[in-house]
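Student: Hi! Could we go through the charged pairs together?
Tutor: Happy to, let's bring it up.

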Amino acid sequence: MNRSKILSALVELDPQNPAVLQQLALVVIDFLRRYADEERVYDRAIAVTPKDAALRASRAEVELNWHADPHPLISTIEAFVAQDSGEAKHLAWVWLRGALCTRDFDGARRATRCAADRWVLRRHDSDSAILV
C-alpha cells in the first residue's frame, strides 16, 4: 500500500484530525501537483482549527505554487503577525519565501530576524553558507 492510500485511509478514520489532513496535503497532493485537491484538504483542516496560522499560511502557499501568486501568502502572514507578533517566528519559513518572491527584501530581513533563534547558519563551502 503506498503512502497516498495510507494517508487517505487515515483521513477516513479520523476526518477531524488537522495533522493528518496537513500531511495528506503536503506529502501526497503537493508533490503530485494536484493543487485543487490540496486546497480542499487544507480547507477541511482549517474548518477544524480555524485559528491555526501555519495551516492558513500553507493554504495560501498553494496559490504561490499553483498560480505563482505570492500575495495571498503575504497578506495571510501579515494578518497573523498583526494580531500576534509571536506567530512571526512560526511563519518565518514561508514568510521568507513569499517576501523573496515579491522582492521585498525588508520583509525577508524581518522574517529572518524573527527566526534567528530557530535557524542555524552553517558554512557550506568557502564561498557560501546555508540556512538549516
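Student: Is Arg 109 buried, partly exposed or exposed, and what is its relative accessible area?
Tutor: Keep in mind that this is a predicted model. Arg 109 has a relative accessible area of 46%, so it counts as partly exposed.

Student: Which residue does Arg 109 form a salt bridge with?
Tutor: That would be Asp 106, and the closest N and O atoms are 2.7 Å apart. Both residues lie in helix 7 (residues 105-114). They are three residues apart, about one turn of the helix.

Student: And Asp 106, is it buried or partly exposed?
Tutor: Asp 106 is partly exposed, with 49% relative accessible area.

Student: New topic: how many salt bridges does the structure hold?
Tutor: There are five. One of them pairs Asp 37 with Arg 40, where the closest N and O atoms are 2.2 Å apart.

Student: Where do Asp 37 and Arg 40 lie?
Tutor: Both are in helix 3 (residues 35-48), three residues apart, which is about one turn of the helix. Asp 37 is partly exposed, at 23% relative accessibility.

Student: What does the side chain of Glu 39 meet in a salt bridge?
Tutor: Its partner is Arg 59, at 3.3 Å from N to O. This pair links distant parts of the chain: Glu 39 belongs to helix 3 and Arg 59 to helix 4 (residues 53-67), 20 residues apart.

Student: Why does Glu 39 count as buried?
Tutor: Because its relative accessible area is 13%, and buried means under 20%.

Definitions and conventions. Residues numbered from 1 in each chain as written. Predicted model: local features only at pLDDT ≥ 70, side-chain atom pairs only at ≥ 80, totals over all residues. Heavy atoms only, no water. Salt bridge = Lys/Arg side-chain N within 4 Å of Asp/Glu carboxyl O. Helix = DSSP H or I, 4+ residues; strand = E, 2+ residues; numbered from the N terminus. Buried < 20%, exposed > 50% of the residue type's maximum accessible area, 1.4 Å probe, protein only.
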